[in-house]
Amino acid sequence: MKKTDIAPFFATLREANPHPKTELEYTSDFELLTAVLLSAQATDVGVNKATRKLFPVANTPQAILDLGIEGLESYIKTIGLYRSKAKHLMETCRILVECHDSKVPNSREELEALPGVGRKTANVVLNVAFGQPTMAVDTHIFRVSNRTGLAPGKTPLEVEKQLLKRVPAEFAVDSHHWLILLGRYVCQARKPRCWECLVTAYCDFQPKSEAPKSGK
């Protein structure tokens, strides 16, 4: 993707969706951290189903600790890797209570020191909770960035660095939401829905996918 196409690419996405948001459901920084931690290798839909039952019962670090590991597992057992996620979340809650006055820290170093919180999770929390212009590169963003030519890279970190370098500042805070939604609903893995794409004119992908013929 030519550098001159990047601003209109994002301007088009912004016009269609001026205030993009994560599809994970949350009402506090801690609920967000919990949902993102649980979302690794799971769908937002699946995580939301579990947290709709969990959060009314326990939505603070101390409340999660009070549930105990078996109690927590009973709420999240529908999510993949729930046993290891439960252990990570319990230990994270202990650290938040003991070291952070039960508050979610707003620095990358402190977030990544929490069990189960890697770079991608930290980036989501820093962006969504604290408005920092970070790039949480998931499978959707990795695919879209490479396929469109926006920010090619062989690893998520390479793509992240390219995005931080190439995305204009005015779009930086919201850009990862637009890219995730584009990848989830339009620029899909098996066959991109180019015929529905608002930004196909700026995309390097060739040949563009054609709409399925009716009746087939």
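Helices here are DSSP runs of at least four residues, numbered from the N terminus. The model is a predicted one.

**The largest pocket**

- The volume of the largest pocket is about 660 Å³.
- Its lining counts 32 residues, and those closest to the pocket centre are Ser39, Ala42, Asp44, Asp138 and Arg184.
- Several helices each give the lining at least two residues: helix 2 (29-38), helix 3 (44-54), helix 5 (82-99), helix 7 (119-128), helix 8 (139-148) and helix 10 (172-185).
- Helix 10 supplies the largest share of the lining, with 6 residues.
- By type, the lining splits into 13 nonpolar, 12 polar and 7 charged residues.
- Empty space of this kind is found by rolling a probe the size of a water molecule over the atoms.

**Aromatic rings**

- A pair of aromatic rings is described by two values, the distance of the centres and the angle of the planes.
- The structure has 4 aromatic pairs.
- One of them joins Phe9 and Phe10, with ring centres 5.0 Å apart. Their planes stand at 85 degrees, over the 60 degrees that the class requires, so the pair is edge-to-face.
- Phe9 has a relative accessible area of 0%, so Phe9 is buried. Phe10 also has a value of 0% and is buried.
- Phe10 also pairs with Trp178, and here the ring centres lie 6.4 Å apart. The planes meet at 45 degrees, so this pair is tilted.
- The Phe10 and Trp178 pair links distant parts of the chain, 168 residues apart. Phe10 belongs to helix 1 (residues 3-16), while Trp178 belongs to helix 10.
- Phe10 and Trp178 are both buried.
- Through ring pairs, Phe9, Phe10, Phe171 and Trp178 form a cluster.

**Glu73**

- Where is Glu73 found? Glu73 sits in helix 4 (residues 61-76).
- Is Glu73 buried or exposed? Its relative accessibility is 13%, and buried means under 20%, so Glu73 counts as buried.
- The side chain of Glu73 makes a polar contact with the side chain of Arg83, at 3.4 Å.
- Which residues does Glu73 contact, leaving aside neighbours within four places in sequence? Tyr82, Arg83 and Ala86 are in contact with Glu73.

Conventions
Residues are numbered from 1 along each chain as its sequence is written. This is a predicted model: local features need pLDDT of at least 70, side-chain atom pairs count only at pLDDT 80 or more; totals for chains, interfaces and linings use all residues. Side-chain values use heavy atoms; hydrogens and water are left out. Buried means under 20% relative accessible area, exposed over 50%, partly exposed in between (1.4 Å probe, protein chains only). A polar contact is a pair of N or O atoms within 3.5 Å; within protein, one must be able to donate a hydrogen and the other to accept it, and residues adjacent in sequence count only if both atoms are side-chain atoms. Contact means heavy atoms within 4.5 Å. On a 1 Å grid over the protein atoms alone, a cavity is a set of points where a 1.4 Å probe fits but cannot get out, and a pocket is an open set with protein on both sides within 12 Å along at least five of seven lines; lining residues have an atom within 4 Å of a point. Grid points are joined across faces, edges and corners, and a volume is the space filled by probe spheres set on the points. Ala, Val, Leu, Ile, Met, Phe, Trp, Tyr, Cys and Pro count as nonpolar, Asp, Glu, Lys and Arg as charged, and the others, Gly among them, as polar. Rings of Phe, Tyr and Trp (its six-membered ring) pair if their centres lie within 6.5 Å; planes under 30 degrees apart count as stacked, over 60 as edge-to-face and the rest as tilted.
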